[in-house]
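Please find below a colleague's note on the model under review.

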Amino acid sequence: MKKIDNILPSSARVAMDFVDFSAGAQLNESTIYPQMTLRVSENENITQLLANAKQALRNNFEMTGDDVDIIIDSLEVSNAIQRQLAVQVQFTDFEITSPDDFIAPDVPYTQQILAEIGSKLDRKLRVTSMDGIIELVDFSPASNDGTTKEVWMKITLPPGYVARTGLGDEAATPAHFEDFFRTQNTANGIVARISQNDFNIPTDGIKVYPFGWIELQKTLGDIAKPVVPTEKTFTGTVEVHNLEPQVISDIYRGKFGPYDAAIRQMFKPLINDVSSLRVDYFQPTNSSSALGHFAFVQNPTSEKTSTELQQELEQGIEGITDPEDGVFRNPQLSTSRRFKATATSPLGLEAVDERLRTEEFANEFDKIPMFKRVEENDTIEFDFETSRNTAALPKDLETIINDELETEDAKVVVPGGDLLLPKPWLSLLYVDVSNETALAVLEDWKTTPIEATNIMERLPKGWTLDYSAARSSSQIYLAIFAEFDYSETLNRVNENFIGVEGITDYRTQLGRKFTGKVSGSNEILNSGGVDSTIKSLVVEMNSNGFTLTLYNLEYLNTEGERLTIVDAGNRKRRQATTEEQNIIFKFSGEPGVRLLPGEIQSVGRELIADKFSTSLVADSLIIEPEMYEEGKTIPIPTTVEPTTTSASVSLSPATVAPTVITKPQLPAISVYEKEGEVSEDELKELEKTISDRLGDDQDVNCDSRSDVSSDVEKTIVQCKYKIDSDDKLGVTENIDPFNDVIQYMDNANAELCDNTFLNDCHAEATCTSEGRTVVCSCKDGFEDQNTEKPGRSCVKKTDGILIFLIILIIVLLIVILVLAYFVHLKRTKTGIYHPSRQEHRRNNS
């Protein structure tokens, strides 16, 4: 086992489940078959892994004696292996005396044994047919001496079967099934349902062995009984503190990240004492802490007590180095687990209580304080707690509830979901309005036009309008805010706006943009003074809880001339005016951060009065949403309005916005690759970088997938966005740490196989498309190693014909050489050099 474990990649996990037997003609000729479970990633090359394991075993296995022969080539790795188990049912007072009687239709008890055990197996195995799974093998005839009799059955498990419940028994071991059968000793259990007055099965009357034991015991007789290792299952918890809201949400929903590895690192001192370690789930206990629930099996060879195991874990906490911000404390063993359940069932509460409070499920549903029924939809709600050291998981518990309560929608959740802080979501909704409305919003952003009120009434509950701003002469945007669970996705949030009347377009989770105006003293009205003063003000505002980024700064000098200091946007501005505020600065917040102009202005004035009163005038600071300016190119509707005699409405006495025809926005795609995995944070940063480079608040959506087309582990990333011409594709190139693959304009009718992201076929596979689906198939001469997703893992076939021809040629050469050798011998004996020939020549001469 250790040899095999060392051979496999670090991602693989190996467990010795049990040993099966096969008796030979002699006792010392018996064969044992270690049954192991390997857990490797889906894209692991099993053929190569098996070849490496065999070769390493040949090179490294040290024989301890000549009486043991290890056949390396018998090592088999497959998810189609079928394990066989022997079930022994012991009973008393049974009068059947022949095999024919045992299976006769008029013998109800014998049928009942097979039927009841078959029924329990059907529930556990969940197969379409029980044919061939359970068979009668042998039994001992009855006698009148009152001795215990036996019935032997064979269970052939489905290919690659993994047990549904139980830690350490995930590989379907004899001990697992023995425990499963023996715990049915209730009114609905096997023993109680089969046993009658004239036919009795004792509590321990059902035993399960490796199937080979039936054959082997005939050779061994009563010399020995198979020893099933006693493995003790433990559950436990560890406190994790100092967690961010996003982390709490992620780990609660199963995205453990480094916290899984941290708990495993805590177990490092117990490396020889523990097997089948599993990190199950995290239960929030407050807004920044959670309990990490784990389970493991103590190895049979370990002699440590539970107290000693816990002491080792307390020492192991000191070895946790990642994540750096997480604080781990107080590991506990032998814990119970609490859950919340709901299900829609037609059963009454008494029937529900009876079916779940049985001995069969005593460990899983140990404590149920009460049931509650919601009458309008027949939903049953209840909290419950398991027994200690019961490694129950929500999915397994849902299956039990569905089975027992005749439901299909059982839902079991870990408590603590109500402690998760909501995630703020921001959106900008673009709304077409009249020129009068746009002008009113431009003059006073606190104005709430009727169009905004109507749209807010059409949105789902929870959205709040923070402010409106003028985006053009005929369009405003609404800055709105809502809070959702951290599990909410961008697509689901955007569904709130799709099809809502009045919304022309929308953007989600962008950083809000603002304009600040303030008066400055003559001493700082120069490029250096204004630059350093405003930047210092922004730094101070950030230290007071804001996340602001300055991206444009201008000021009017003493002569009234408007000077540009920083102009990252390269935008046209108004001409010089006699505004009271002679410093103008543009800034934005972080994406997803809710900022309100009034709050920023209030804090900014306090800071100026406290720290910048000699250079800035506090009361003159005005913060408003960023809006368009008259001198800026403004997109307005291109539809020709009917000619009227009324004068057109102008937004400014001095300037009328020019009509500009906007180009249509076309879908585009950029594809990148990166070695290793790509995190959610890296995807978000990539989206932000592309959006910033494109400008105009472009919405960018990036998706990733693992690449199995080569031996190098890498991730392919596809980003979608819109641009008005393919000239802008170049701005999405060269974004570290990603490597460019291709940038192109998207075409819905294009061949899917040309799409680098969708075409995930192996390098040695051909790609075709059926409708909008990519179909991959390995090329001739290559074998497909992935039956679930064909064409993703292709391995070169061994060319049997070529090998045969090579061998044939070699054999023919050997035959020719042998024949030539014999001809040479014959010529030597009878040829011109033979002594008789030489003597004849001499005589003739």
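The numbered points below take the disulfides in turn and then the strand pairing.

1. The model is a predicted one. Its disulfide count comes to three.

2. Cys-702 and Cys-719 form a disulfide with their sulfur atoms 2.1 Å apart. The torsion about this S-S bond is about 110°, so the disulfide is right-handed. Because Cys-702 lies in strand β25 (residues 701–707) and Cys-719 in strand β26 (residues 714–723), the pair ties together parts that are 17 residues apart in sequence. Cys-702 is buried at 7% relative accessibility, and Cys-719 is buried at 0%.

3. Cys-761 is joined to Cys-776 by a disulfide, S to S 1.9 Å. The S-S torsion of Cys-761 and Cys-776 is about -80°, so this disulfide is left-handed. Cys-761 sits in the loop between β27 (739–745) and β28 (765–770), while Cys-776 belongs to strand β29 (residues 773–778), 15 residues apart. With a relative accessible area of 8%, Cys-761 is buried; Cys-776, at 5%, also counts as buried.

4. A disulfide joins Cys-778 to Cys-794, S to S 2.1 Å. Its torsion is about -85°, so the disulfide is left-handed. Cys-778 lies in strand β29 and Cys-794 in strand β31 (residues 794–796), so parts 16 residues apart in sequence are tied together. Cys-778 is buried at 18% relative accessibility, the cut-off being under 20%. Cys-794 is buried at 7%.

5. Strand β6 (residues 206–210) is mostly covered, with five of its five residues buried. Strand β3 (residues 84–91) pairs with β6 in the antiparallel sense over five bridges. Within β6, Pro-210 is the bridge partner of Leu-85.

Key:
Residues are numbered from 1 along each chain as its sequence is written. This is a predicted model: local features need pLDDT of at least 70, side-chain atom pairs count only at pLDDT 80 or more; totals for chains, interfaces and linings use all residues. Side-chain values use heavy atoms; hydrogens and water are left out. Buried means under 20% relative accessible area, exposed over 50%, partly exposed in between (1.4 Å probe, protein chains only). Helices (H or I, at least four residues) and strands (E, at least two) are DSSP runs, numbered from the N terminus. Two strands pair if DSSP finds at least two bridges between them. A disulfide is a pair of cysteine sulfur atoms within 2.5 Å.
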